[in-house]
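Could you walk me through this model with a few questions and answers?

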Amino acid sequence: MQDMTSSKTLIVLLAYKSNPEWLEITIQSVAGQTRGDFRCVIVDSTPETDPNSSLISSVGNSRSADPRFIYRHRTWEPHADVARKVNSTVLEFGGDCDYVAIMPDDDYLAPRFLEVQAGALDGNPAAGFAQGCVHFFGDRHGFWLHDLRLDKQVVDQVGQNQFAGTCLMRMVPFREFGGYDEDSVPQGFPMGLEDFTLFIHFLRAGWRYTAAPEILLFCRQRPDQHSRKLYESALFWPLVQKLCHKQGIELTFMDAGGISLKYQQVQRSLAP
């Protein structure tokens, strides 16, 4: 049963050279949400010369009878393709949305993904984003964020990504930071540390978060994922240092192997 509320969510579903069967599962998981006040934009940058282009387009348009679903094709960008697709989609379709979620074409959502996380943000104006438990499947298996503490700080996020990129975020701080940051993407990569950087901003700006001990996201693991290539490369820490500097955070590497941060923490006056 759908729970229509005044807090609409924009879901940006990113497609590029997708596996059509996986993409269909992803779309079905969005359509099956128990909270139905959302707009899902399937934004696809598969080149038209790709053999699967027409099939991916067909799957993307498969929910055209449902006004909550929109399919858009964008030109592939060799640098920061993901950030540019996200930001242009938010600009075009997010004007009347209070929350935003960003997801790839090979993961899928639990039916209560929106119900739980949007409900948490509805009830806590001091929270900038909401998290749930993640189940990994594919070439790696396991669970993440099932015991997430509510006292994570900027230093935790800088040291290691603490949060799932596919969660629910409040649109105001998302726009405040400028959306997905193209500077978070190294040259030669279509995606980089956009969500990692965004959550540093949320914490730096004094936003809190909520955490639900319920599996809300099923995240497919693949050896060819760009995020894994980046985290395991020599590009990672220089990029983190650059991104911290951009946000007014002084990052120092300690001799013992740790890190030291200096920054001015923003204190928000919102009541919990």
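Q: Between which two strands is the loop that holds Arg-140?
A: Happy to start here, with a predicted model in which local features need pLDDT of at least 70, side-chain atom pairs count only at pLDDT 80 or more, and totals for chains, interfaces and linings use all residues. Residues are numbered from 1 along each chain as its sequence is written, and side-chain values use heavy atoms, with hydrogens and water left out. Helices (H or I, at least four residues) and strands (E, at least two) are DSSP runs numbered from the N terminus. On that numbering, the loop of Arg-140 runs between strand S6 (127–138) and strand S7 (142–144).

Q: Is Arg-140 buried or exposed, or in between?
A: Buried means under 20% relative accessible area, exposed over 50%, and partly exposed in between (1.4 Å probe, protein chains only). Arg-140 has a relative accessible area of 39%, so the residue is partly exposed.

Q: What separates the C-alpha atoms of Arg-140 and Arg-220?
A: Along the chain, these two arginines are 80 residues apart.

Q: How far from Phe-113 is Pro-186 in space, C-alpha to C-alpha?
A: Pro-186 sits in the loop between helix H6 (171–177) and helix H7 (194–204), and counts as buried because its relative accessibility is 10%. Its contacts (heavy atoms within 4.5 Å), not counting residues up to four places away in sequence, include His-79, Met-191 and Leu-230. Phe-113 is 73 residues from Pro-186 in sequence, and the C-alpha distance is 31 Å.

Q: Which residue has a backbone nitrogen 2.9 Å from a polar atom of the Gln-157 side chain?
A: Gln-157 belongs to helix H5 (residues 154–159) and is buried because its relative accessibility is 0%. Leaving out residues up to four places away in sequence, Gln-157 touches Gln-162, Phe-163, Asp-195, Phe-196, Phe-199, Ile-200 and Leu-203. The backbone nitrogen at 2.9 Å is that of Gln-162.

Q: What is the phi of Lys-17 near?
A: Most residues other than glycine have a negative phi. Lys-17 lies in the loop between strand S1 (9–15) and helix H1 (20–31), and is partly exposed with a relative accessible area of 46%. Its phi is positive, near 45°.

Q: What is the relative accessible area of Ala-80?
A: Ala-80 is in the loop between strand S3 (69–73) and helix H3 (81–93). This alanine has a positive phi, near 60°. Ala-80 counts as buried because its relative accessible area is 0%.

Q: What is the radius of gyration of the protein?
A: The secondary structure comes to nine helices and 11 strands. The radius of gyration is taken over C-alpha atoms, and the globule rule is 2.2 Å times the number of residues to the power 0.38. For 272 residues that rule gives 19 Å, and the protein's value is close to it, so the protein is as compact as a globular protein of that length, with a radius of gyration of 18 Å.

Q: What share of the contacts with a separation of 6 or more comes from residues 24 or more positions apart?
A: The C-alpha atoms fill a box of roughly 55 × 40 × 35 Å along the principal axes. Buried residues make up 53% of the 272 residues. Among contacts with a separation of 6 or more, the share from residues 24 or more positions apart is 80%.

Technical notes. Polar contact = N/O pair within 3.5 Å; in protein donor to acceptor, adjacent residues only side chain to side chain.
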